[in-house]
Amino acid sequence: MQRRLRLIAVFIVVIIFIACSKQPSGDTATISIALPTAKTSFANVDVAIAQEMGFFKQQGLNVSIKNLDSAVKVVQAVVANDAAIGGSSFEPVINAASAGGNLAIIGTYANRLTVSMVTPKTIKSVGDLRGRNVGVQDIGAFREIMTRMVLQTAQLTPQDVKYIPISPPSYIQALKSGQIESAILQTEQVAEILKRDPRFHVLVDLHKVEPDYYYGSYIVRKDWLTKNSDIAVRYLTALIQAHRFMYDNKAETIKIAAKTTGFDPGVITHTYDVLLGKHKVFPTGDGIEEKRLAYTLSRMKSLGLLKGKEPDLTQLVDRKPITLALNKLGK
């Protein structure tokens, strides 16, 4: 009898072990994130910080990053369910929403402009760009729109210049080779080219001329959010942790950002001082500011960029996930 009981007990233990071995360990969720440049820029380095410092892991997330050529392609990837969450400038999101793209803005990375137009010093004013070769991404993508904004200040249009399609990581080389004579560069790209080549200068600092313009959003499909609201909260929790870490840990942030962007630490130190020290572009709270959203939408209309019916911003922005994330973290 005792032998039989022992065999039964062993049998039960084996069954429990097999059953447990078939269950997933923990509640880790795997999600893909699409970013708007072929190589991650400093403006999107919060994702790399969250990855490197283990904030995603703390939230039970396994995050894979897809680097695409532009925000237009990011929005397309999210709409097509090729990425769960996308990092995009505001403009392609608005046009996708007006076309029935079923998207929601749930958070932000750098919510203020981080770019400048760089040209040879021989170009002394925006008016001098008439007839010149101008580097852009996709039509309707962020850097092309920034170019339009600059041209507008001299009453120029895209028809007054020659658009040359260039991938953003290649802008500096294209400028130096003379292939293009103007490009919208991220802060680290500006620091790099000015450090290496005295022929160039900043023609227009977009942050100075458009301080109220809203820049980057994290977007999802609304139907994805309905099914995965907890994942969205966990993702935003990790991102806010990353933003707060960046302000409190300059040296470690520079180290991770240099590795992620490929720029040397001196360039990244300058970039950090401008974007975090001076402009504080990474929000440590909500960051989705209604007045700045409305202003940016009005600028889109003034540039003739709104392709369809104006979307209702109160319906486009879903603050529930970021609110829950902030409740978890505290102010």
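Let's start with the rings. There are 8 aromatic pairs in this predicted model. The rule: rings of Phe, Tyr and Trp (its six-membered ring) pair if their centres lie within 6.5 Å, and planes under 30 degrees apart count as stacked, over 60 as edge-to-face and the rest as tilted.

Take phenylalanine 142 and tyrosine 215. They are stacked, at 4.5 Å centre to centre with 25° between the planes. Where do phenylalanine 142 and tyrosine 215 sit in the chain? Phenylalanine 142 is in helix H6 (residues 142-152), while tyrosine 215 is in the loop between helix H9 (206-209) and strand S10 (216-221). Helices (H or I, at least four residues) and strands (E, at least two) are DSSP runs, numbered from the N terminus. Phenylalanine 142 and tyrosine 215 are both buried. Buried means under 20% relative accessible area, exposed means over 50%, and partly exposed is in between (1.4 Å probe, protein chains only).

Next, tyrosine 218 and tyrosine 235. Why is this pair edge-to-face? The ring centres are 5.5 Å apart and the planes stand at 85°, so the pair gets that label. Tyrosine 218 lies in strand S10 and tyrosine 235 in helix H11 (residues 229-248), so this pair ties together parts 17 residues apart in sequence. Tyrosine 218 and tyrosine 235 are both buried.

Some housekeeping. Residues are numbered from 1 along each chain as its sequence is written, and side-chain values use heavy atoms, with hydrogens and water left out. As this is a predicted model, local features need pLDDT of at least 70 and side-chain atom pairs count only at pLDDT 80 or more, whereas totals for chains, interfaces and linings use all residues.

Now the core. The largest nonpolar core has 111 residues, and Ile31, Phe42, Met146 and Tyr235 touch the most other members. H11 gives the most to this core, with 11 residues. A nonpolar core here is a set of buried Ala, Val, Leu, Ile, Met, Phe, Trp, Tyr and Cys residues joined through side-chain atoms within 4.5 Å.

Which residues does phenylalanine 42 touch, beyond those up to four places away in sequence? Among them are Glu188, Met246, Ala257, Ile268, Tyr272 and Phe282. Contact means heavy atoms within 4.5 Å. Threonine 253 is in helix H12 (residues 250-261). Threonine 253 is buried, with a relative accessible area of 0%. Leaving aside neighbours within four places in sequence, threonine 253 contacts Ile49, Phe245, Met246 and Tyr272.

On to helix H16, residues 320-329. Pro321, Ile322, Ala325 and Leu326 are buried there. Why do we put them on the same side of H16? They cover an arc of only 130° around the axis, taken from the directions from the helix axis to the C-beta atoms. S4, helix H10 (222-227) and H11 are included in what covers the buried residues of H16. Exposed Lys320 and Asn327 are on the face turned away from the buried side. Just after H16, glycine 330 takes a positive phi of about 85°.

Most residues other than glycine have a negative phi. Asparagine 102 has a positive phi near 60°. Asparagine 102 sits in the loop between helix H5 (90-98) and strand S4 (103-107), and is partly exposed at 34% relative accessible area. Lysine 280 has a positive phi too, about 50°. Lysine 280 is in the loop between helix H13 (265-278) and helix H14 (290-302), partly exposed at 48%.

Buried or exposed: what are the two faces of strand S8 (residues 183-186)? Ala183 and Leu185 on one side, and Ile184 and Gln186 on the other, are all buried. Strand S5 (residues 115-120) pairs with S8 in the antiparallel sense over 4 bridges; pairing takes at least two bridges found by DSSP. Valine 115 has glutamine 186 as its bridge partner in S8.

Last, the whole chain. The chain has 16 helices and 10 strands. Of its 331 residues, 54% count as buried. The C-alpha trace spans about 100 × 45 × 35 Å along its principal axes.
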